[in-house]
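Here are some notes to read with the model open beside you.

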Amino acid sequence: MYLKQIEQLVVLQKVDDEIVLLQDELKRAPEQIIELEKRRQDIEDNAELVRDKLKYLNDQQKRLDGEIETDSVRLKKSKSKMMMVGNQKEYHAMMREMDNLEKQNRGREEEKTTVSEELARQNLELSDINSQAKELDGELAVARESLDARIQQAQARLDELGLRRKEAGQAVPKPILQRYEFIRSRLKNPVIVPVHAGICSGCHIAIPPQSFIELQKGIQILSCPNCQRLIYWSEHIEPEVKPEDEAAENAAE
């Protein structure tokens, strides 16, 4: 009876171990999506900054075009007026006005060239940002699809483990199951652990010799005096053979 109870508790523990892992997986699964979405938002923020710069530069270019056009018209009018200048003083005044207009226009043309170069650079940067956004959108689509599949798979396994847990729990006497659940609510997994050579594998501290003797008798389920986990003698349960160990053993034969 004792060994049967221990075996079922060990099965229950294995089920709970996998449940904990799957629950952690479900918690961590969206993290990749969150990180990709954050990167996508950063890219969009950068794109918005570049679009603001482009709007400002386009406005500057329109302003310069308008001012250059206006001054060009004034310059033409000034040249026409020179034909009607009545004296030397008016002539020199007209020449100074034309020189100023031409100087202003040269400055505006230089400024316009600078603005045009900056426009080209910002457009190139926006094109690069749009390419990054498109690539990241593809990654997000794949990640979301993968996440949905992982969540469905994990949830299906959790449902299956829930049934196995219920079956294992029904095979354990209610008082012992209550002890197991009580310890589980207060300690991190595992709840039931083997004792090897008098050492609890849960807290790695030696249990008292008398407790170890009682444990070896296999009469009642005991707890570790130090960590309070349920304990059993490792010799009472056959160690689980890992696939790689089994393959190595078969190869040796």
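1. Is aspartate 65 buried, partly exposed or exposed? Aspartate 65 comes out as partly exposed, with a relative accessible area of 33%. Keep in mind that we're looking at a predicted model. The partner of aspartate 65 is lysine 112: the two form a salt bridge, with their closest N and O atoms 2.7 Å apart. Lysine 112 sits in helix 2 (residues 88–170) and aspartate 65 in helix 1, so this pair ties together parts that are 47 residues apart in sequence. Lysine 112 is partly exposed as well, at a relative accessible area of 24%.

2. Now a salt bridge inside a single helix. Lysine 38 pairs with aspartate 42, and here the closest N and O atoms are 3.5 Å apart. Both residues belong to helix 1 (residues 2–82) and lie four residues apart, about one turn of the helix. The general rule is handy here: an α-helix has 3.6 residues a turn, so residues three or four places apart point the same way. Aspartate 42 is partly exposed, its relative accessible area being 34%.

3. Next, the link to helix 3. Arginine 165 and glutamate 181 meet through their side chains in a salt bridge, 2.8 Å from N to O. Since arginine 165 lies in helix 2 and glutamate 181 in helix 3, the pair ties together parts that are 16 residues apart in sequence. Arginine 165 counts as buried because its relative accessibility is 18%, and the cut-off for buried is under 20%. Glutamate 181, on the other hand, is partly exposed at 27%.

4. If you're setting up charges, there's also a network to look at. Arg40, Glu44, Glu48, Arg51 and Asp137 are linked together by salt bridges. Over the whole model, the count comes to 23 salt bridges.

5. Running over residues 174–186, helix 3 has 13 residues and reaches 19 Å from its first C-alpha to its last, close to the 18 Å expected at 1.5 Å a residue. Which residues of helix 3 are buried? They are Ile176, Tyr180 and Ile183. These residues cover an arc of only 70° around the axis, which puts them on the same side of helix 3. The face turned away from that buried side carries the exposed residues Lys174, Pro175, Ser185 and Arg186.

6. The four strands make an open sheet in the order 2-1-4-3, with mixed pairing. Strand 2 (199–200) and strand 3 (222–223) stand at the edges with a single partner strand each, so one side of each is left without a neighbour in the sheet. Strand 1 and strand 4 pair in the parallel sense over four bridges, and proline 194 has tyrosine 232 of strand 4 as a bridge partner.

7. Strand 3 and strand 4 run in the antiparallel sense, paired over two bridges. Leucine 222 has isoleucine 231 of strand 4 as its bridge partner, while serine 223 has leucine 230. Helix 3 packs on the sheet, touching strand 1 (192–196), strand 3 and strand 4, and its direction makes about 115° with that of strand 4. Helix 4 (residues 209–217) also packs on the sheet, touching strand 1, strand 3 and strand 4, with its direction at about 70° to that of strand 4. In the hairpin of strand 3 and strand 4, six residues lie between the strands, and glutamine 228 takes a positive phi near 70°.

8. Last, a couple of loop serines. Serine 234 lies in the loop between strand 4 (230–233) and helix 5 (243–252), and is buried, with a relative accessible area of 15%. Leaving out residues up to four places away in sequence, serine 234 touches Pro194, Val195 and His196. Serine 201 belongs to the loop between strand 2 and helix 4 and counts as partly exposed at 26% relative accessibility. With neighbours within four places in sequence set aside, serine 201 is in contact with Val193, Pro194 and His196. The C-alpha atoms of serine 201 and proline 190 are separated by 9.7 Å, and these residues are 11 apart along the chain.

Note on methods
Residues are numbered from 1 along each chain as its sequence is written. This is a predicted model: local features need pLDDT of at least 70, side-chain atom pairs count only at pLDDT 80 or more; totals for chains, interfaces and linings use all residues. Side-chain values use heavy atoms; hydrogens and water are left out. The expected span of a helix is 1.5 Å times one less than its number of residues. Buried means under 20% relative accessible area, exposed over 50%, partly exposed in between (1.4 Å probe, protein chains only). The arc is that of the directions from the helix axis to the C-beta atoms. A salt bridge is a side-chain nitrogen of Lys or Arg within 4 Å of a carboxyl oxygen of Asp or Glu. Contact means heavy atoms within 4.5 Å. Two strands pair if DSSP finds at least two bridges between them. Axes are lines fitted to C-alpha atoms, for helices over the stretch in contact, and angles run from 0 to 180 degrees between N-to-C directions.
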